[in-house]
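Look over the sequence and structure, then read on.

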2 protein chains.
Amino acid sequence: MKVDVNRKIILASGSPRRKELLEKLGLEFEVIKSDFDESSIEIKNPKKLVAKLAESKAEEVSNKENITSDNLIISADTIVVFKNEILGKPKDELDAMRMLKLLNAQKHQVYTAMCVLDMKNMSKRTSVVKTDVVFDKVKDETIMEYIKTGEPMDKAGAYGIQDGGSVLVKKINGDFFAVMGLSVNKLFQELKRIK
Amino acid sequence: MKVDVNRKIILASGSPRRKELLEKLGLEFEVIKSDFDESSIEIKNPKKLVAKLAESKAEEVSNKENITSDNLIISADTIVVFKNEILGKPKDELDAMRMLKLLNAQKHQVYTAMCVLDMKNMSKRTSVVKTDVVFDKVKDETIMEYIKTGEPMDKAGAYGIQDGGSVLVKKINGDFFAVMGLSVNKLFQELKRIK
């Protein structure tokens with residue numbers, strides 16, 4: 001599916017998954033990673049936190065040089081929540097082990113926020129999607145094998161649902177692509193709206 | 001994630017999606033498409049039908065030349081069910097339009113069966129996964145655009161959840177990869193069991 005958007009699209013994220021998802025919509029875009037310091041935000045409510053993080057990334061990129069009124073900035077953020085604990089990216093392999101053992105055979109929530117900032121009129125649309133993810137019961141050795149692939153290290157909650165993590169996930173209730181990094185369906189709708 | 005299986009794996013399916021899903025498990029395999037005539041099966045119950053179709057594909061391939069006791073045959077089948085109607089692959093573009101208009105803004109079920117046939121001891125394991133899929137409400141023009149991409153034509157229910165169809169799907173309840181063609185999680189478990 002190709003969406004025609006009369007703007008120069010900027011993806012404010014270095015995530016290769018998000019890049020892949022934008023490509024699903026046949027979009028041409030430039031990647032400008034946000035330098036926003038996520039640790040500067042202290043919000044306990046997951047929905048508010050993830051929305052704020054996505055917005056802050058878009059805003060930070062909007063202040064960069066070379067950004068013009070022609071640009072449409074798309075940013076996103078994903079957090080994993082298990083029993084009120086927000087799981088970010090693991091600090092090291094042991095931390096990944098801790099997280100994956102927490103999630104093993106349990107249900108957790110993934111919150112994904114997307115922000116679409118239109119520099120033409122500074123209209124900003126932020127939305128949050130929540131998805132339940134149920135992990136299968138797997139052996140510690142399977143978790144360790146997975147950590148050894150290196151995949152968990154740059155991912156919230158220490159897993160990527162689309163690659164190796166696919167063996168850990170039993171079922172989801174919600175939007176798969178949001179768990180992967182960005183709701184393709186929501187983005188499609190937002191882009192259709194832009195004049 | 002890499003699974004070591006002490007067998008020569010045959011994928012009894014020509015689907016590029018299933019090929020991609022097997023590659024997620026780091027498997028090496030050969031594709032031998034089944035020539036089984038699906039129209040020869042008349043079963044009304046979706047779960048029984050899809051299981052029978054997957055098993056029949058594996059069995060048909062097991063009778064081919066060059067299959068040895070070294071082989072492990074993996075087959076799968078996916079059907080889409082909307083209000084008791086089983087939707088197969090669309091006959092033509094108009095049929096795809098009919099199906100996608102049926103599914104628009106509604107919930108339907110996807111049944112995916114997988115059969116793993118071990119030629120060493122003729123053990124056969126068949127399992128069926130059911131996933132609810134909720135379509136977003138989209139305009140006819142979006143459906144027509146999607147049909148024009150050609151993607152719906154070789155897919156049950158006239159959509160592929162992983163590519164262009166991602167803009168049509170609002171949420172799922174179940175296993176994303178099963179909807180795509182095969183449960184990666186279930187296959188991982190089956191392969192771990194094989195000695």
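## Loops, a charged patch and an axis

Ala105(B) is partly exposed, because its relative accessibility is 40%, which falls between the limits of 20% and 50%. This is a predicted model. Ala105(B) sits in the loop of chain B that runs between α3 (93–103) and β5 (107–118). Its phi is near 65°, a positive value in a residue other than glycine. Most residues other than glycine have a negative phi.

Asn66(A) also has a positive phi, near 75°. Its place is the loop of chain A between α2 (46–62) and β3 (71–82). Is Asn66(A) buried or exposed? Asn66(A) is exposed, because its relative accessibility is 71% and the limit for exposed is over 50%.

| Residue | Relative accessibility | Class |
|---|---|---|
| Asn66(A) | 71% | exposed |
| Lys170(A) | 45% | partly exposed |
| Ala105(B) | 40% | partly exposed |

Lys170(A) belongs to strand β7 of chain A, residues 169–174. Lys170(A) also takes part in a surface patch of positive charge. The patch gathers Lys47(A), Lys107(A), Lys130(A), Lys170(A) and Lys171(A).

Now the two chains. How is chain A superposed on chain B? A rotation of 180° does it, with 0.0 Å of shift along the axis and an RMSD of 0.0 Å. The two copies are therefore related as by a two-fold rotation axis. Which residue of chain A has the C-alpha nearest the axis? That residue is Asn173(A), with its C-alpha 2.1 Å from the axis.

How values were computed: Residues numbered from 1 in each chain as written. Chains lettered and ligands numbered in written order. Predicted model: local features only at pLDDT ≥ 70, side-chain atom pairs only at ≥ 80, totals over all residues. Heavy atoms only, no water. Patch = residues over 30% accessible without salt bridge, like charges linked within 9 Å, V, L, I, M, F, W, Y side chains within 5 Å. Areas by Shrake-Rupley, 256 points an atom, 1.4 Å probe, with all protein chains shown as cover. Salt bridge = Lys/Arg side-chain N within 4 Å of Asp/Glu carboxyl O. Lys, Arg positive; Asp, Glu negative; His and termini not counted. Charge placed at Lys NZ, Arg CZ, Asp CG, Glu CD. Helix = DSSP H or I, 4+ residues; strand = E, 2+ residues; numbered from the N terminus. Buried < 20%, exposed > 50% of the residue type's maximum accessible area, 1.4 Å probe, protein only. Least-squares fit on C-alpha atoms with pLDDT ≥ 70 in both.
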